[in-house]
Amino acid sequence: KVTIDATYKEAGAEPTTSPAPTTEPQATEKPSDGDGKDGDWWFKDVPETTWYYSPIKDAYYGDRMSGMSDDYFEPETDITRGMFAYAIYRREGLPATDAQNKFEDVKADTYYETAIAWATENGIVAGYDDSHYGPDDQITREQMAAILYRYAQFKNYDVSVGEDTNILDFTDASDISEYAIPAIQWAVGEQIITGFDDMTMRPLHNATRAQMAVILNSIADMF
């Protein structure tokens with residue numbers, strides 16, 4: 001069974017290749033739950049005519065994701081590394097932890113501080129190096145796959161399907177960083193992450209909040 005050392009560094013996509021967003025919505029506080037709307041669907045930027053209406057609605061009412069404000073979900077906003085760590089931590093029920101943040105760029109009292117400390121301690125996330133996590137850097141598809149892969153292992157989920165999954169049919173398979181290959185094999189084998197119609201995986205492209213909703217829904221009944 002293929003495993004990844006939990007101490008690996010996410011060097012496949014350095015911060016310079018995935019710059020931080022020019023705007024950082026809710027970057028210093030927990031995203032809003034949009035309370036006080038009497039249970040009606042109210043996100044103005046998620047109309048029923050979009051492909052992501054159903055997955056976002058499922059993710060919201062499944063308590064897997066929140067809005068970025070009372071009225072906006074921001075489906076096309078790129079996910080940051082801090083956002084994704086928080087999503088995993090929230091999925092675990094925001095467990096109490098004594099884990100201490102070790103990254104210089106993860107500031108105290110940010111909504112993701114405890115999430116990153118907990119996920120690092122449990123081998124679910126890793127930094128670019130021992131001092132830098134890049135919480136406001138946009139997360140790449142391969143980084144997201146790697147975090148999901150280690151999260152599945154943390155949950156004692158059998159990840160062996162990846163051993164028999166061929167990803168060489170993707171025309172850009174050579175772009176996948178070595179550390180992320182087992183993770184992408186597993187994610188593709190489980191149909192958690194899929195390629196695009198042009199037979200590309202786009203491992204170094206960023207992922208959006210709408211795409212994260214689809215992924216969180218996909219793993220909801222898995223582990």
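This is a predicted model: local features need pLDDT of at least 70, side-chain atom pairs count only at pLDDT 80 or more; totals for chains, interfaces and linings use all residues.
Residues are numbered from 1 along each chain as its sequence is written, and side-chain values use heavy atoms, with hydrogens and water left out.

The protein contains six helices and zero strands, and its elements follow the order α-α-α-α-α-α from the N terminus. Helices (H or I, at least four residues) and strands (E, at least two) are DSSP runs, numbered from the N terminus. Of the 223 residues, 49% are buried, where buried means under 20% relative accessible area, exposed over 50% and partly exposed in between (1.4 Å probe, protein chains only). The accessible surface amounts to about 10,500 Å², and carbon and sulfur atoms contribute 45% of it; these areas come from the Shrake-Rupley method with a 1.4 Å probe, and for residues only the protein chains shown count as cover. Among contacts (heavy atoms within 4.5 Å) between residues at least 6 apart in sequence, 78% link residues at least 24 apart.

Several helices have buried residues covered by other helices. In helix 1 (residues 53-61), the buried residues are Tyr-53, Pro-55, Ile-56, Ala-59 and Tyr-60, and their cover includes helix 6. Asp-63 follows helix 1 and has a positive phi, near 60°. In helix 3, Ala-115, Ile-116, Ala-117, Trp-118 and Ala-119 are buried, with helix 2 and helix 4 included in what covers them. Gly-123, which follows helix 3, likewise has a positive phi, near 70°. Helix 5 (residues 181-189) is largely enclosed by the rest of the structure, because seven of its nine residues are buried. These are Pro-182, Ala-183, Ile-184, Gln-185, Trp-186, Ala-187 and Val-188, and helix 4 is included in their cover. Just after helix 5, Gln-191 adopts a positive phi of about 60°.

Arg-81 belongs to helix 2 and counts as buried, with 0% relative accessibility. The side chain of Arg-81 forms a polar contact of 3.3 Å with that of Gln-143. Arg-150 lies in helix 4 and is also buried, at 2% relative accessibility. The side chain of Arg-150 reaches the backbone oxygen of Ile-124 at 2.7 Å.

Asp-105 is situated in the loop between helix 2 (81-91) and helix 3 (113-121). Its relative accessible area is 22%, and Asp-105 is therefore partly exposed. Not counting residues up to four places away in sequence, Asp-105 touches Ser-131, His-132, Tyr-133, Gly-134 and Pro-135. Asp-105 and Tyr-133 are 28 residues apart along the chain, and their C-alpha atoms are separated by 6.6 Å. Polar atoms of the Asp-105 side chain lie 3.0 Å from the backbone nitrogen of Tyr-133 and 2.8 Å from the backbone nitrogen of Gly-134.

On a 1 Å grid over the protein atoms alone, a pocket is an open set of points where a 1.4 Å probe fits, with protein on both sides within 12 Å along at least five of seven lines, and lining residues have an atom within 4 Å of a point. The lining consists of Trp-51, Arg-141, Met-144, Ile-192, Ile-193, Thr-194, Gly-195, Phe-196, Ala-207, Gln-211, Val-214 and Ile-215. Helix 4 (141-154) and helix 6 (209-218) are the elements that give two or more residues to this lining, and helix 6 provides the largest share, three residues. By residue class, the lining comprises eight nonpolar, three polar and one charged. Here Ala, Val, Leu, Ile, Met, Phe, Trp, Tyr, Cys and Pro count as nonpolar, Asp, Glu, Lys and Arg as charged, and the others, Gly among them, as polar.

Key:
A polar contact is a pair of N or O atoms within 3.5 Å; within protein, one must be able to donate a hydrogen and the other to accept it, and residues adjacent in sequence count only if both atoms are side-chain atoms.
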